[in-house]
Amino acid sequence: HLHRNYNCRKNFMKLSCTKMEDCLIEDQTTFYSKAEHYWKEVPPTVDGMLGGYGSISSIDINGSKLFLQKFLGEGQGKTGTGCALDCGAGIGRITKRLLLPLFRTVDLVDVTQEFLDKARSYLGEEAKQVENYFCCGLQDFQPQPKRYDVIWIQWVIGHLTDDHLVEFLRRCRSGLRPDGLIVVKDNVAFEGVIPDDVDSSVCRDLNVLHRLVARAGLNIICEEQQQNFPEEIYQVHTLALR
């Protein structure tokens with residue numbers, strides 16, 4: 001989720017690394033189990049999903065909608081509106097306000113069962129458009145081949161190791177329909193890879209993220225910075241990949 005950018009320049013270098021594995025003091029199993037434990041303690045609310053920044057949800061959704069609508073439609077090269085996947089979906093904040101209004105059906109995947117249980121009531125009447133609620137960490141999740149027009153991955157890639165992120169993006173690519181799109185929207189560090197011990201995640205800079213996307217065999221077809229977020233949090237960038 002959202003993070004304050006606590007790292008002022010003077011202590012910056014000792015906190016940042018050039019790749020994520022260098023930042024992992026403990027083993028991978030602990031990295032994932034600590035994150036699972038963290039999210040189990042988070043209330044299943046919009047404010048909980050956004051780390052206390054629930055007030056920016058509308059700014060976030062509006063920015064995402066403007067970004068995504070550039071690609072959707074009929075005709076050559078346009079991305080269809082049949083089915084979308086919401087990765088790290090939580091209680092379905094993005095599903096409810098961004099994906100369900102634009103797609104016929106949506107699947108949700110999240111590591112926390114309580115969030116998915118809450119999603120059924122949070123989504124209300126629109127829940128009937130949801131086909132699947134998958135309870136699974138993204139490092140283990142296998143999207144169904146050629147199922148999705150859009151795979152939306154927001155504020156969750158920091159919970160994957162570099163190798164697992166690359167492998168997950170590769171699996172996502174095989175989960176796309178023709179002219180489908182993977183969208184990654186996440187915090188971006190100023191330089192290097194910055195660990196967060198509180199929720200057991202990392203924040204990568206754009207160069208690191210670009211390298212991982214390339215390793216996954218994907219191309220960046222559009223990239224934008226989200227505007228009008230509070231100054232004290234990390235910059236947030238949105239990347240369209242295929």
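Predicted model: local features only at pLDDT ≥ 70, side-chain atom pairs only at ≥ 80, totals over all residues.
As a reminder, strands of a sheet pair through backbone hydrogen bonds, either parallel or antiparallel. This sheet has examples of both. β1 and β4 run parallel and are joined by 4 bridges. β5 and β9 run antiparallel, with 7 bridges between them. Here Asn187 has Val236 in β9 as its bridge partner. β8 and β9 are also antiparallel, joined by 5 bridges, and in this case Glu223 is partnered with Leu239 of β9.

Stay with β9 for a moment. Is this strand enclosed by the rest of the structure, or open? Of its 7 residues, 6 are buried, so β9 is largely enclosed by the rest of the structure.

Next, a helix against the sheet.

The chain has 242 residues, and buried ones make up 55% of them. Now take the contacts with a separation of 6 or more: 71% of these are between residues 24 or more positions apart.

Now the interior. In soluble globular proteins, nonpolar side chains tend to be buried together. In this model, the largest nonpolar core has 32 residues, and the members that touch the most others are Ile151, Ile153, Leu169 and Ile182. Which elements give two or more residues to this core? They are α3 (28-40), β1 (83-87), β4 (148-154), α8 (162-174), β5 (176-188), α9 (206-215) and β9 (235-241). The most comes from α8, with 5 residues.

Let us take Ile151 as a worked example. Setting aside residues up to four places away in sequence, Ile151 touches Leu85, Cys87, Cys172, Leu176, Leu181, Ile182 and Val183. Apart from this core lies another one, of 27 residues, with Phe71, Trp152, Leu181 and Ala240 among them.

On to the annotation. UniProt, in an unreviewed entry, places the feature "binding site" at Gly88, Arg93, Asp110, Val111, Thr112, Leu138, Gln139 and Gln154. Where do these residues turn up in the model? The lining of the largest cavity takes in Gly88, Arg93, Asp110, Val111, Thr112, Leu138, Gln139 and Gln154.

I will pick out two of these positions. Leu138 is found in the loop between β3 and β4. Is Leu138 buried or exposed? Its relative accessible area is 6%, and the cut-off for buried is under 20%, so Leu138 is buried. Its contacts, leaving aside neighbours within four places in sequence, are Cys87, Gly88, Val109, Val156, Leu160, Phe168 and Arg171.

Last, two points about the backbone. Most residues other than glycine have a negative phi, and most peptide bonds are trans. Trp155 is not a glycine, yet has a positive phi of about 50°. Trp155 is located in the loop between β4 and α8 and counts as buried, at 8% relative accessibility.

Ser200 is the other case to check: its phi is positive, about 55°, although Ser200 is not a glycine. Which loop holds Ser200? The loop between β6 (193-196) and β7 (201-204). At 4% relative accessibility, Ser200 counts as buried.

Notes:
Residues numbered from 1 in each chain as written. Heavy atoms only, no water. Core = buried A, V, L, I, M, F, W, Y, C linked by side-chain atoms within 4.5 Å. Buried < 20%, exposed > 50% of the residue type's maximum accessible area, 1.4 Å probe, protein only. Contact = heavy atoms within 4.5 Å. Pairing = 2+ DSSP bridges. UniProt positions renumbered as here; feature names shortened; annotations may be inferred. 1 Å grid on protein atoms, 1.4 Å probe; cavity = no way out; pocket = protein on both sides within 12 Å on 5 of 7 lines; lining within 4 Å.
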